[in-house]
Amino acid sequence: MSVFRTVIIFIIISSAMLAGEVSAHTNEINTDIKLVNEQLHLFSDASSEMTINEAIIAFQKQQFSHNSETQVSFGFTQDTLWAVLPVINTSKNDDSLVIKIDNAWLDEVDVYFVHNKQILQEAAIGDSVPFTKRPISRRMPAVAYDFPPGQTDVYFRVHSKDPLTLPIYIGSEQSHVGTASINAYFYGALYGILGILFIYNIALYSYLKELKYLLYSLYLLAFTAFNYTYTGHGFWILWPESVGLQQLLMPTLMFAYLFSGVLFTLEFLNTRTYLPSLYAFRYKLYGALLILALGLLIIDDRSIAIMAQLIILTTLSIWMLVIGYYSYKSGNPLAMFFVPAVIMGTGGATISSLATWGVIPYSQWAFRGIEIGMLLEMSLLSISLGFNFKLAQEARKSAEINARLDQLTNLYNRRAFSDLVHPLWELGKRNKTPMAIILIDLDWFKRINDEYGHATGDEVLEEVGKELKKRLRESDIPLRWGGEEFLIFLPNTNTREAHQLADKLREHFDSKNITPEHKVTLSIGVVSALPHSVELDKLIGLADEALYQAKQKGRNCVVSLD
C-alpha cells in the first residue's frame, strides 16, 4: 500500500475515533447552555466615555434598545457597545451560573453585576487582560456569579479594534465544562489532522525534493499558527501573560498565512509552465504584499490592518480561483483539484465572515466555517499532491525504463546490461550453472546506410530487433550493444545449446528479407562458461574474439569458443 493511501486511511480512522469520543462524552455531560443575545438590551456609545453608573441610569431611562433580532455580530466599529442582560432568579437560594463570551479576540470586555441598583461584582475579561488577572482562566472570556433571588442586571461594556462579535452564553459550570470538552475534541481533531498533513508533505518533500511540498507544508503551518492564535489557544496555553504578543501575532500570522498561500499557489499550479506571464510577474506580487505589510506596520492601526487583510484575503481567494481556472484550461492536471479545494476554503471563510459581520445568522458552525472549509481545502490539496506524487513516480519509472531501452529497436541498451545480467551471473556462481553470450554483427550494414540512407538503416535495425525478440526464450536478454551489434545473454545455457540457437538465428535471417527490399546476414560469436571460473567482462571479450573470427571466415557464420 502506498504512503499516500496509508496517510488518508489514517486520517479517516483518526477522525472517526475522535468523533466517537465526542459522541460518547456528549451523552454523559450536561450541555444545558444557551445563547442569550435575544434577551440583551443594547446601547452604542460613540464617545466611549460612558461610565457604568451612567449606563445604569441610561438603562433605567429605557435608552437601551431590545436586541429582538438576536444580533451577535456588529462588524468593525469604533463605538463602545453596552449590553444589559436581565437575569431573574425565581428561587429562594442563590443560583450559581457562568457567563461566557464565545469570542477570544475582543480587546476590552468589562462585566458588572447590578442588583437593586448596586454594583455587587465586576470583572475585566477581555483580550487586553492577562489570564492570571481574569476571574476564570479559560480560552474564552468567562465569569462566574452567584445570582441572588430576584433580578440581577448584567452589564457588558465591549470595545475592540477587531470585528465586534459578541455571542453571550449562560449556563451552569457543568454545562460549560461539557461544551469546552466538545470544543477540545473539535480542535484536537482539527490540529491533529493538520499536523498529519504537515508531516506527510514534509516527508514527501524530503523524498522528492519538489518545492511545492515544502511550500504547502509552510501554508499548512501558517494557517494552523494563525488559527491557534485567533481562537485563543496560544494566548491561553503558551503566552498567557503576553497581551502585546497576542495582539501583535493576530495580524502578523494572518499576513504570513496570506503570503504563504500566494507562494504555494504559484508553485503548486506550476505557473512557470502553464502561466508564464504570471510567473514572470511573481516578484512584483511578492513586493506589493510586503510593501502593503510594511505600510500597515507604519500606520500602526490594528483595525485598519485587520480590515485590509480581510479585503486582501477576499481578493486573493478570487485571484486563486481565476488562475486555477486558467491553469486548468492550459492543461494542468493538478488544477482540477485546486479549484474545488479553493472553493471549499473560500466558501468556509466567506460563511465565517458573513456570520462575523452579521449578514447571516450566527451559529457555532457558521462561526467555524473557515476552519471546516480550510480543513476540506487542505485535505483535498493533500490528495492532489498525493496524485502529483503518483504521477512523479510513474514519470520516474518511465524515465528509468526509457533510459535502459534503445528507442529504435525497443531492446535493452548497453546501460541496462549490468543491472539485468549481474544478478543472474551471481546466481549462476552459487548454482554453478553455465552462462552463454551470443554477440551478433550485421554483415555489410554500412553499405545499406551509404547506399539507401540512415532512415533505411534504422528500419533494418528495428526489424532485426523485432525478429530477435520473437525467437528467444523469456529468460534470454537481448540488447543492442552498439551500432549494428547485438548481444544476447543466455542464462543456464552451455556452448552447444548457445551455438544451436545462434545457427538457427543466422539461418532465419539468411532465408528471408528483413524488409521487403533488403536482406541482411549475421556474423555471430558464441561463448559459454561457468561464472565462478571466469569474470563476466572476460567472457564478453571472448565473445568479441569469436565474432571477429566469424568475420574473418567470410561472414554469415557462427564461431564458438570453449
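How many bridges join strand β4 (residues 80-89) and β9, and in which sense do the two strands pair? The close-ups below begin with that pairing, and every view shows a predicted model.

**View A. Strand β9 and its two partners.** Strand β9 covers residues 150-159. β4 and β9 pair in the antiparallel sense over nine bridges, and within this pairing L81 faces V158 of β9. Strand β6 (residues 108-115) pairs with β9 too, in the antiparallel sense, over seven bridges. Here V114 is the residue opposite D153. β9 is mostly covered, with eight of its 10 residues buried.

**View B. F156 and the largest nonpolar core.** The largest nonpolar core holds 94 residues, and the members that touch the most others are I99, F147, V154, F156, W319 and M378. Helix α6 (residues 243-268) supplies the largest share of this core, with 13 residues. Take a moment to look around F156: beyond its neighbours within four places in sequence, F156 is in contact with L81, W82, A83, L85, I99, I101, D110, V111 and I168.

**View C. T229 in helix α4.** Is T229 buried or exposed? T229 sits in helix α4, which runs over residues 211-230. With a relative accessibility of 1%, T229 is buried, because that value lies under the 20% cut-off. Setting aside residues up to four places away in sequence, T229 touches W239, Q246, L249, M250 and L253.

View E. Helix α16 takes in the 17 residues 454-470. At 1.5 Å a residue the helix should span 24 Å, and its end C-alpha atoms are 25 Å apart, so the two values agree. Its buried residues are T456, G457, V460, L461, V464, G465, E467 and L468. Packed against the buried residues of α16 are β11 (435-442), α15 (445-452), β12 (477-482), β13 (485-490) and α17 (495-510).

View F. Which residues of α18 are buried? They are L536, L539, I540, A543, A546, L547 and A550. These residues lie on the same side of α18 because they cover an arc of only 115 degrees around the axis. The face turned away from the buried side carries the exposed residues D537, K538, Y548 and Q552. Among the elements covering the buried residues of α18 are α14 (414-431), β14 (522-529) and β15 (558-561). Following α18 comes G554, with a positive phi near 115 degrees.

**View G. Two loop residues with positive phi.** S48 is not a glycine, yet its phi is positive, at about 60 degrees. You can find S48 in the loop between β2 (41-45) and α2 (52-60), where S48 is partly exposed with a relative accessible area of 25%. N410 is not a glycine either, and N410 has a positive phi of about 65 degrees. The place to look for N410 is the loop between α13 (369-404) and α14. N410 is partly exposed, with a relative accessible area of 46%.

Technical notes
Residues numbered from 1 in each chain as written. Predicted model: local features only at pLDDT ≥ 70, side-chain atom pairs only at ≥ 80, totals over all residues. Heavy atoms only, no water. Core = buried A, V, L, I, M, F, W, Y, C linked by side-chain atoms within 4.5 Å. Buried < 20%, exposed > 50% of the residue type's maximum accessible area, 1.4 Å probe, protein only. Helix = DSSP H or I, 4+ residues; strand = E, 2+ residues; numbered from the N terminus. Contact = heavy atoms within 4.5 Å. Expected span 1.5 Å × (residues − 1). Arc of directions from axis to C-beta. Pairing = 2+ DSSP bridges.
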